[in-house]
2 protein chains.
Amino acid sequence: MELEIVTIGNELLLGYTLDTNSTTLATGLADLGIRVSRRTTVPDTPDAIIDAVGSGLARTGFVITTGGLGPTRDDLTKQAVADLYDVPLVLDREYLEQLRARFAELGRGPMPESNRTQAEIPRGATPLPNRWGTAPGLWMEDQRGTVVMLPGVPRELRGLLEHEVLPRLAGRVGTDAPVNRSRTLRTTGVSESALADRLAGVETDLAPLTLAFLPDLEGVDLRLTAWGLQPDQAEEALNRGAARLVEILGDDCYGDQDLAEVVLDLLRHRSWTVAVAESCTGGLVGTRLTEVAGASDVFPGGVIAYANRIKEQMLDVPAELLEAHGAVSDETVRAMADGVRSRFGTDAAVAVSGVAGPGGGTEAKPVGTVHLAAVAADRHRTLGRRFPGGRAEIRRRSAQAALDMLRRLLLD
Amino acid sequence: MELEIVTIGNELLLGYTLDTNSTTLATGLADLGIRVSRRTTVPDTPDAIIDAVGSGLARTGFVITTGGLGPTRDDLTKQAVADLYDVPLVLDREYLEQLRARFAELGRGPMPESNRTQAEIPRGATPLPNRWGTAPGLWMEDQRGTVVMLPGVPRELRGLLEHEVLPRLAGRVGTDAPVNRSRTLRTTGVSESALADRLAGVETDLAPLTLAFLPDLEGVDLRLTAWGLQPDQAEEALNRGAARLVEILGDDCYGDQDLAEVVLDLLRHRSWTVAVAESCTGGLVGTRLTEVAGASDVFPGGVIAYANRIKEQMLDVPAELLEAHGAVSDETVRAMADGVRSRFGTDAAVAVSGVAGPGGGTEAKPVGTVHLAAVAADRHRTLGRRFPGGRAEIRRRSAQAALDMLRRLLLD
């Protein structure tokens, strides 16, 4: 089964509102094996709504709309759908009473007259009770197809989707209906094109799965998707596909978790602890590690050593070493890592120092130059990188590279 | 002038990726007075791309696409647009050389063969140089209309939009076309309904501007918008409106910058420095401060003291004090702030300790309990808060509250 989503609202087209509803809908529907084949966003104008919903119906016979169900003048969805089905809007007395009761219950005083219009629905439509707001969802269906109208307020949409829409759709597609299922394997430190080269020809092994490359600042995610398979067949194909990718990529693939979580698990497995010493990342590596609940058994803390004098005073980096090699060097990050490990009494440590820009670059060490160190037990590793992008990007890439460096050191 | 956006990618329809690019495009275009009249998201299939781009061209004569320009098999945008314009893909030798040079410059070794396809462009298209990645944007134009193809990676899209697309469009629409302009004033620590009460009736003073309340984890932004005014009239109205809001809200409004930037400016103005001592935020306050370029003259660093023993060893918090009051208490955060200030030799300091959850809550100190301290010169302030939400939310709210506490202490 496939359907289209039509989201309605000027604010979406003006860029003031991020369309999170589409994501909510798509993930909920994918879970039932229903494929969203197109999403259209139109302004609050009757012609645009009728055109988008009408062509969606013609293509798939099933459209879900969001937005335009409120009590104000610019809420035009119901009228547009009524026009499309060639029926009038009629007052649903039962819903009107429910609305009045709801206002009383919330202690908001008598219901404003403008809300009365919310009880007007296209003739033949079924109202879907909205316990999270005042506009009911509406289910309109005849031989031309089905239009489900949902409110645009994210919380109301989520409530209606979960309690009213998905249960009805589940009944329609059945429990052993074919589903779309995905699995993501994450990589970092290898470019999209290098991955593509290494995975060239693997599509035949992966069939019937599809493989997508999703590059981001922090690496490239590989997403395997099973389309239209029975749930257990999908799981089996995904297990097989994931194993094949891991076989080819080895340690370049770190699974489906956040990298910080992977690093913490590797350390916890050895009963080891880790401290951080951060210059250009300014606390971002610590932030990444402590985003993971339960990090405290592995991570006691660290030092943000943004100024050189702090690198000396709090991390025992010798002034002569800083003088000789500069703050952005293998020698300095190694000393920072050793210093924080010794001060914090941990088994492992990572350190980062770099030029995040926009100022501070030199010919020898331009903006983007970052040195990283990882130490664990009696082993250590240092690395100089040159990252592209602006300040925020260089910092995010640096934190990710620092965590990955420690991960690889622990695996070796 | 109006145009349509077509975003391309299975991952958008599967709900795995939030479409932030559309927001970036719409706000940039609105600034030039260009209206986005429709947005369509289609899967990575040639027919769907051709249909959506073709009907957008028929309706408005101008379409911007995002996504599907990468080096892999599922990147089909160029071929689809070439088919639509009935031209072949041809190799752009100049761009190929630029690509090779870019790979060499980044020290990534020889360019993988799969990147060669990125230099193939529809005949007649103009490549838009992409300094943020490897896929060029493409500008295709003839008597049927214009299609501008942009990559789907948000950072690359932003770069190309700002440096290549908007300047070309600005030339086309002229400089005195009516525009929509917005200005945002930010608040934190005051609820949306409290702000609405204090601003009741202000709409008449603000006309012809509209006022929107945009609540977020970190506070409530107030957005003033001028619709369809000449650029200088819009600016004047926004200046007047912003002044009126500041008059009413006083210090509760901190301007239009990031709060960390405001705090750094206040400190810099006094030639003061600040250090941070972070427990539950794990480096997030340091991260916020160092996101701002040039923070180093004010911020030498800090200590992430996640474990109690680090609070003792690195921040000189007495063991008896921790024993008596617990790590999450006014007494402890005050001692942490004093400790980091003294160790780092700064004029000011902030400290945070709390229960970010999901575990670790008690009846007396449930998840969300956070204590904050700020010290500056001979003054200090401590505060206990109980924040709603999950772990990530509590941490973000805590970092924002810590910065705001220092801001208010500096203003008093």
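Two residues are in contact here if their C-beta atoms, placed from the backbone, lie within 7 Å. This is a predicted model, in which local features need pLDDT of at least 70 and side-chain atom pairs count only at pLDDT 80 or more, while totals for chains, interfaces and linings use all residues. Residues are numbered from 1 along each chain as its sequence is written, and chains are lettered from A and ligands numbered from 1 in the order in which they are written.

**A loop residue.** Leaving out residues up to four places away in sequence, L76(A) touches D44(A), P46(A), I49(A) and G68(A). Of these, I49(A) is 27 residues from L76(A) in sequence, yet the two C-alpha atoms are 8.4 Å apart in space. L76(A) belongs to the loop between β3 (62-66) and α4 (77-85) of chain A, where helices (H or I, at least four residues) and strands (E, at least two) are DSSP runs numbered from the N terminus. A residue counts as buried if 20 or more other C-beta atoms lie within 10 Å of its own, as exposed if 12 or fewer do, and as partly exposed in between, with C-beta atoms placed from the backbone. L76(A) has 21 other C-beta atoms within 10 Å and is therefore buried.

Two strands pair if DSSP finds at least two bridges between them. On that basis 12 strands form an open sheet with mixed pairing, in the order β6(A)-β7(A)-β8(A)-β3(A)-β1(A)-β2(A)-β2(B)-β1(B)-β3(B)-β8(B)-β7(B)-β6(B). Its edges are β6 (126-128) of chain A and β6 (126-128) of chain B, each with a single partner strand, so one side of each is left without a neighbour in the sheet. From one strand to the next the twist averages 15 degrees, given that axes are lines fitted to C-alpha atoms, for helices over the stretch in contact, and that angles run from 0 to 180 degrees between N-to-C directions.

In chain B, six of the seven residues of β1 (2-8) are buried. This strand runs parallel to β2 (35-42) of chain B, with seven bridges between them, and I8(B) has V42(B) as its bridge partner in β2(B). β1(B) also pairs in the parallel sense with β3 (62-66) of chain B, over four bridges, with I5(B) opposite I64(B). In chain A, strand β1 (residues 2-8) is joined to β2(A) in parallel by seven bridges, and T7(A) stands opposite T41(A).

**The 10-stranded sheet.** A further open sheet, also of mixed pairing, has 10 strands in the order β16(A)-β15(A)-β14(A)-β12(A)-β13(A)-β13(B)-β12(B)-β14(B)-β15(B)-β16(B). Here β16 (379-386) of chain A and β16 (379-386) of chain B stand at the edges with a single partner strand each, so one side of each has no neighbour in the sheet. Neighbouring strands are turned by 10 degrees against each other on average, direction ignored. β13(A) and β13 (residues 301-305) of chain B run antiparallel and are joined by five bridges. Helix α12 (residues 308-315) of chain B lies across β13 of chain A together with β12 (274-278) and β13 of chain B, at about 145 degrees to β13(B).

| Residue of chain A | Partner in β13(B) |
|---|---|
| V303(A) | V303(B) |

**Contacts between the chains.** In total, 60 residues of chain A are in contact with 62 residues of chain B. On the side of chain A that touches chain B, β2(A) gives the largest share, seven residues. That side divides into 30 nonpolar, 20 polar and 10 charged residues, where Ala, Val, Leu, Ile, Met, Phe, Trp, Tyr, Cys and Pro count as nonpolar, Asp, Glu, Lys and Arg as charged, and the others, Gly among them, as polar.

**Nonpolar cores.** A nonpolar core is a set of buried Ala, Val, Leu, Ile, Met, Phe, Trp, Tyr and Cys residues joined through C-beta atoms within 7 Å. The largest has 193 residues, and V350(A) and V350(B) have the most contacts inside it. Another core, of 44 residues, lies apart from it and includes I64(A), M140(A), L157(A) and L161(A). Beyond its neighbours within four places in sequence, V350(B) has contacts that include V274(B), V276(B), A337(B) and L406(B).
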